[in-house]
Amino acid sequence: MAETGSPRRLVSPRPPPVPSAWRAALTRWLAPTVFLAPAVALLLVFLVYPLLSSFQLSTLDWNGLGEGGKPVGLGNWLRLAHDEIFWRSLRNNFLLAGLSVTFQLPTSMVLAVVLDEAGRGSRFLKIAYFLPLLMSSVALGVIFKNVYDPTFGPINAFLEAIHLHGPDWLGDRRYALLSVIAVICWQNIPFYMLLFLAALAAFPREQGEAAFLDGATQSQIFWRIKLPHLRGTVRTAVLLSVIGSLRYFDLIFVMTGGGPESASELMSTYMYRTVFASFQLGYGSTIASAMFLVVTAVAAVALRLSKRFETEV
Amino acid sequence: MHPGFVARVGAMVCSASLCLLAPMARAEDAQAITSWDIRTAAPWAKLVDDSVARFEKANPGVKVEQSHVLNDAYKSKLKIAFGAKQPPCLFTTWGGGPLREYVKSGQVVELTPFLEKDKAYTDRFLPVGFKSVTFGGKIYGVPAENTSPAVVFYNKEIFAKYGLKPPADWDELLKVIEVLKKNGIAPFALANKNKWTGSMYYMYLVDRLAGPEAFRAAVERQPGGSFAGPAFVEAGKRIQQLVKLDAFAQGYNGLDYDIGASRKLLYSGKAAMEVMGAWEAIIVQGENPEFSKKLDFFGFPAIPGGKGDPTNLVGTVGDQFISISTACKDPALAFKALETMTDDASVQARLEGKQLVPVKGLNPSDPYLKRVAELFSKASSVQLWYDQELPPKLGEVHKDTVQALFGLSLTPEAAAQQMEEAAKAELH
């Protein structure tokens, strides 16, 4: 394209440098711009704009209908700071995150290691364990509502058979959240199991064999060799699990609706109830914005920490 | 590969924007009427489809585009549509608080002029049927479906076995509860995850204790009217009395009415009674025709010394009120469609399906409907469900506090006080 010895150059010995710089810049930026534009446009429209407008809505007292709404400044945020149900739902979110990390991930790890050791013969089990993840949360929620039914559910029928009085799983404030969390973990274990299985597949077998020949026990091989090898994956799993827990919605919504008496309320179900049942779009947006801040802050801290571990090791 | 990707994304963006344009393009067409409702159940949907077919036949060139949406999803969908100022032309609501919000946003057409113009049509309805869609003397909807009071359903077989009679007052009810408990049967089936189910007990207790005036005075903020008043506190006490007597089948605060958890208790004979809207009989007949033969009902018992007339009802006169939104290009045409959906043929078809539309001179041959109709003709007042009558925010506070009463985690005084605080902030 750019012919160096073109006659034009002879005519004007000092060509203006701008166009060629322009052209260089253009060629350098054109392709990325064209390729990024659609993604950026989509992000702007469906992520950045809703995010900003939700912060803006959080300063209004508005039912979401008709014109405008009454600006209340930080009124909604002050109300949030004193809202017992919001703090309870935040605590519940962290409890969910904590139990996900301490219960769900180790279980997935055990399953993954065992299945990995079992080799080929475990193909059927792999599929069987994977099934819960494939089911729709709503269907699962309805099934478990029946499983937990204090009169007709199999759990209490079993307890009855061994002369124990089964508790009221979903209707008692003390158990409702834990009952649902158990189902959430059960549904998500296969996902993390798959993640760990994939990482274990990349583990060089010779290392394990060499250690074995050197007299290492299975547990030494796991704790000293395999687990360090999986460190990156575990970090990813913890991060995904924590963030997922903080934004969780479906099974709680289907099984308890956040009840009884907000005992199993999460930030997202509380937001939904506020906007759609009690018509408070402004306050609901405040909850949504607070949720965004919490999730972002936790994710940032978690990323930071995991990076530090990376350099320390 | 890459240009292909760009083209694909481009196509996606274009089609997405076309999607956004599509409803607007449709609204331009005056000959299409969009109509949303919750009649997803087959027999119910057929009733509407039939009347729509009649309307389309009588008005060639006009098309009614219907959407039948599931109950809970419908409420969200409608709210989003109104929030985006693209409501459907015709839509149904339960009247009361939520509809009032839509009316206040200026997106609902006042129907009074249309109704006055067509007296022959309007005068068929019982005037009380318009009560929950009338705001400031203006009518915004027409009742299309059944009239449903809440009553106490009971298992005749169990009552006969233990020599029990439908209790007429609170003391008799306590005796019935005692006998049932002694025989290992849970007195009441209650699925209170849904909250409006437990609210029925509370509304009846308030009404029996102090009459409908107590609630009226509290809502209208009349002098002396308060949700913390003695009737509201006492109603909470009586609920907790029942809870402490173990009057409700285990797990009541977590059971889900929508998946039939309370009916299962009735069907299996593990519970003997349920306070529920009259529609329950229709559902039972569809679900369990065998059990339907054992099912009977009585009115909520009186309370000795209570000021409320024991014939008073809690419930709704007419349900699924059809309204017209201002998004309609041609409200007159939409009103014609509305008229066809609630004409004599529609009312008759509903009567055959055990539904009582609030129309004058209905003479149901079905013995069950006859008794329901009698309840209404005797009642000196019909209290609409609190959560429908109150503004949505307050309706939620009501349901939350009543669930807490059932859970024994709020004292009756504290629950009433919370409700009163919310009412002070919300009602002016």
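This is a predicted model: local features need pLDDT of at least 70, side-chain atom pairs count only at pLDDT 80 or more; totals for chains, interfaces and linings use all residues.
Q: How many residues of chain A are in contact with chain B?
A: On chain A, 29 residues make contact, and they meet 37 residues of chain B.

Q: Which helices of chain A supply residues to that side?
A: Helix 2 (17-57), helix 6 (137-148) and helix 13 (267-277) of chain A each supply at least two residues. The largest share, three residues, comes from helix 2 of chain A.

Q: And what is the make-up of that side by class?
A: The side of chain A that touches chain B has 14 nonpolar, ten polar and five charged residues.

Q: Turning to chain B, what does its domain assignment give?
A: The assignment gives domain 1 (31-145 + 317-358) and domain 2 (148-316 + 381-426). Taken over C-alpha atoms, the centres of these domains of chain B are separated by 30 Å.

Q: How many residues of domain 1 of chain B are in contact with domain 2 of chain B?
A: Twelve residues of domain 1 are in contact with eleven residues of domain 2 in chain B. On the domain 1 side, the residues divide into four nonpolar, five polar and three charged.

Q: How do strand 1 and strand 2 of chain B run, and how many bridges join them?
A: Strand 1 (residues 32-37) and strand 2 (residues 63-68) of chain B run parallel and are joined by six bridges. One bridge pairs Trp36(B) with Ser67(B), which belongs to strand 2 of chain B.

Q: Next, Glu280(B): buried or exposed?
A: Glu280(B) is buried, because 21 other C-beta atoms lie within 10 Å and the cut-off for a buried residue is 20 or more. Glu280(B) lies in helix 13 (residues 279-287) of chain B.

Q: How far apart are Glu280(B) and Gly95(B)?
A: In sequence Glu280(B) and Gly95(B) are 185 residues apart, and in space they are 20 Å apart, C-alpha to C-alpha.

Q: Which residues touch the most other members of the largest nonpolar core?
A: Val206(B) and Ala271(B) do, in a core of 125 residues. Helix 9 (residues 196-210) of chain B gives the largest share of this core, nine residues. Domain 1 and domain 2 of chain B each contribute at least three residues to this core.

Q: What does Val206(B) touch beyond four places away in sequence?
A: Val206(B) touches Ala214(B), Phe215(B), Ala231(B), Phe232(B) and Ala235(B).

Q: Which residues does the second core include?
A: That separate core of 34 residues includes Leu177(A), Val183(A), Met255(A) and Ala290(A).

Methods: Residues are numbered from 1 along each chain as its sequence is written. Chains are lettered from A and ligands numbered from 1 in the order in which they are written. Two residues are in contact if their C-beta atoms, placed from the backbone, lie within 7 Å. Helices (H or I, at least four residues) and strands (E, at least two) are DSSP runs, numbered from the N terminus. Ala, Val, Leu, Ile, Met, Phe, Trp, Tyr, Cys and Pro count as nonpolar, Asp, Glu, Lys and Arg as charged, and the others, Gly among them, as polar. Two strands pair if DSSP finds at least two bridges between them. Domain bounds come from an automatic or database domain assignment. A residue is buried if 20 or more other C-beta atoms lie within 10 Å of its own, exposed if 12 or fewer, and partly exposed in between; C-beta atoms are placed from the backbone. A nonpolar core is a set of buried Ala, Val, Leu, Ile, Met, Phe, Trp, Tyr and Cys residues joined through C-beta atoms within 7 Å.
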